[in-house]
Structure formats: structure tokens, C-alpha cells
Amino acid sequence: MSDPLVAFDGVDKYFGETQVLRDVDLAVDEREVVVVIGPSGSGKSTLLRCVNRLETIQAGDIRLDGRSVLDTDVNEVRQRVGMVFQSFNLFPHKTALENVALAPTRVKGLPAETAEERARDLLDRVGLADQTSSYPGALSGGQQQRVAIARALAMEPTVMLFDEVTSALDPELVGEVLDVIEGLATEGMTMLLVTHEMGFAREVGDRIVLMADGRIVERTPTADFFEGPDTERGRAFLSRLL
Ligand SMILES: Nc1ncnc2c1ncn2[C@@H]1O[C@H](COP(=O)(O)OP(=O)(O)OP(=O)(O)O)[C@@H](O)[C@H]1O
Ligand SMILES: [Mg+2]
């Protein structure tokens with residue numbers, strides 16, 4: 001058995017006195033897609049943010065490819081862990097192409113031409129080959145989110161984290177973003193993603209992880225989960241959504 005690509009081991013996280021992650025153990029294998037669901041405030045975003053050290057943890061460890069992220073240079077961690085959020089956070093005064101090419105030139109030191117060539121390929125891959133010169137303000141939310149995904153991929157991450165990336169989008173734009181993520185899953189990208197889109201979770205997820213009050217309360221292969229969750233909490237959560 002190979003090591004998991006991402007491994008949470010007894011992770012506790014507090015904000016001040018408030019504990020928001022409680023003894024979390026979770027292993028994500030290479031090429032696996034784990035979908036995290038759960039009520040608002042249950043700790044889903046915090047769980048993801050701890051992986052690339054946007055949050056500190058107070059106990060336990062998180063390992064990436066066997067090595068603790070706590071012992072790894074934070075810039076290296078963030079190169080290896082791509083993250084896309086609900087808000088796109090593109091640079092408004094840079095074109096789509098510049099947004100995607102920026103970090104590889106600045107952080108990885110790629111020559112501008114190489115970075116731009118790769119940025120073009122990535123924008124093509126997310127269906128935006130014809131928008132390379134557009135500024136974010138001229139793009140729809142769905143297009144901006146696809147640029148944000150291309151930008152994260154430009155660092156050639158080994159794992160991608162997606163936190164409710166379609167929540168801020170108009171309903172008619174959700175599908176085009178989910179299609180891109182589904183494509184990545186098909187290509188074998190390892191992913192940990194938070195979503196309220198249960199149809200999508202079912203389609204793309206290998207496993208469903210349900211959080212409640214900072215704990216993982218159920219973890220079930222996707223097909224089994226939608227047949228019927230193992231726990232009462234899982235059943236209650238699902239019945240509210242479907
Ligand atoms: N920066 C912060 N400072 C203090 N408390 C925080 C901070 N960020 C999150 N929390 C608290 O941590 C808990 C978990 O928050 P988190 O954002 O991880 O939940 P979530 O499951 O992602 O919720 P949602 O579905 O609403 O996005 C909540 O009680 C929240 O209020
Ligand atoms: Mg959240």
C-alpha cells in the first residue's frame with residue numbers, strides 16, 4: 001500500500017477558546033476525490049485551509065506525501081496544494097492570461113514566454129482559449145472562476161482543494177465550473193472538495209466525509225452514501241438536502 005497523499009492525524013484546531021476541529025483523522029489517496037459535506041460552521045473550510053497552512057493547528061499533524069506540512073516551507077506547501085475558493089480573487093488589472101502566468105514566473109521563476117504558453121494551454125483546458133486578453137471585470141462569474149482554477153493549476157499542484165467554488169455563481173453558470181472540476185477528476189487529480197451540490201458530489205466523489213461540530217461523523221464511499229448513509233446524522237443531513 002502506498003502512503004496517502006494527504007493525511008490528517010489527530011488534528012485539533014481552535015479559534016481562541018473555541019474548538020473547531022476535533023481529533024480529525026483523514027487520509028486522501030493519490031487520485032482520490034473526497035467530498036466534504038456538513039452543516040454551516042461544522043469546520044469544512046477550516047479543514048481545507050489547514051492543509052496549505054492558511055490556518056495553524058494546535059494538535060496533531062497534516063502530512064503531504066508523507067512529510068508534515070508543519071515542517072515544510074510554507075511556499076513549497078502552497079505550490080503543491082492548489083486552492084480555489086468561493087470568491088475568485090483574480091487581479092483586476094491583469095488579463096486572464098497574466099493572472100494565470102503570474103505565479104509561475106514570480107514564484108517558480110519560469111521565463112515569461114514559457115509561463116504564458118502554459119497559461120494559454122490551461123485557459124484552453126478550462127474552455128477560455130478565446131478570453132486570454134480579457135480582464136476579470138469583463139468575464140462572467142463562471143469564467144472568472146475557471147480562470148481561478150487555471151491559475152491554481154499553473155503551479156502544477158499535486159492536490160487541489162475546492163471550497164464551495166460555485167456558491168457565488170448564478171445557477172446557469174454552475175455547470176461550466178463543475179464540468180472543469182469533473183474533467184480534473186477524470187484525469188486523476190487528487191482533490192478534497194467542499195460542496196453543497198449533491199448531484200455533483202455523487203458524480204465526482206469517491207468518498208463522502210460528513211462533518212458536524214468539528215468532527216468527522218461519517219465517511220462512506222459515495223455510491224453507498226447516496227444509497228443510504230451509515231449514520232443517523234448522515235441520513236438527517238441528506239434528507240434535508242434532497
Ligand atoms: N477566522 C476565524 N476566527 C474565529 N472563528 C472562526 C474563524 N473562521 C471560522 N471560525 C469559526 O470556526 C467554525 C468553523 O468554521 P468553518 O468556516 O470552517 O465552517 P464551514 O463548515 O466551512 O461553514 P460554511 O458551510 O458556512 O462555510 C465556525 O464556528 C466559525 O464561526
Ligand atoms: Mg465554509
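Guide: A contact here means heavy atoms within 4.5 Å. By that criterion, and with neighbours within four places in sequence left aside, isoleucine 37 is in contact with Lys44, Thr195, Met198, Ile208, Val209, Leu210, Met211, Phe225 and Phe237. The model is a predicted one, in which local features need pLDDT of at least 70 and side-chain atom pairs count only at pLDDT 80 or more, while totals for chains, interfaces and linings use all residues. Residues are numbered from 1 along each chain as its sequence is written, chains are lettered from A and ligands numbered from 1 in the order in which they are written, and side-chain values use heavy atoms, with hydrogens and water left out.

Isoleucine 37 belongs to strand S3, which covers residues 33-37; helices (H or I, at least four residues) and strands (E, at least two) are DSSP runs numbered from the N terminus. With a relative accessible area of 0%, isoleucine 37 is buried, a term for values under 20%, whereas exposed means over 50% and partly exposed the range in between (1.4 Å probe, protein chains only). Glycine 199 lies 162 residues away from isoleucine 37 along the chain, and their C-alpha atoms are separated by 13 Å.

A search of the whole structure finds one aromatic pair. The ring centres of phenylalanine 225 and phenylalanine 226 are 5.4 Å apart and the ring planes stand at 85°, so this pair is edge-to-face. For such pairs, rings of Phe, Tyr and Trp (its six-membered ring) must have centres within 6.5 Å; planes under 30 degrees apart count as stacked, over 60 as edge-to-face and the rest as tilted. Phenylalanine 225 and phenylalanine 226 are both buried.

Proline 157 counts as buried at 9% relative accessibility, whereas glutamate 156 is exposed, with a relative accessible area of 53%. Glutamate 156 also has a positive phi, near 50°, in a residue other than glycine. Beyond four places in sequence, proline 157 is in contact with Gln79, Arg80, Val81, Gly82, Ala152 and Met189. From threonine 18, proline 157 is 139 residues away in sequence and 32 Å away in space, C-alpha to C-alpha. Residues up to four places away not counted, threonine 166 touches Val174, Val177, Leu178 and Glu197.

A positive phi near 50° also occurs at aspartate 23, again a residue other than glycine; aspartate 23 lies in strand S2, residues 18-28.

As for the whole, the protein has nine helices and 10 strands. Its radius of gyration is 18 Å, close to the 18 Å given by the globule rule for 242 residues, so the protein is as compact as a globular protein of that length; the radius is taken over C-alpha atoms, and the rule is 2.2 Å times the number of residues to the power 0.38. The C-alpha trace spans about 50 × 40 × 40 Å along its principal axes. Buried residues make up 52% of the 242 residues. Of the contacts between residues at least 6 apart in sequence, 65% join residues at least 24 apart.
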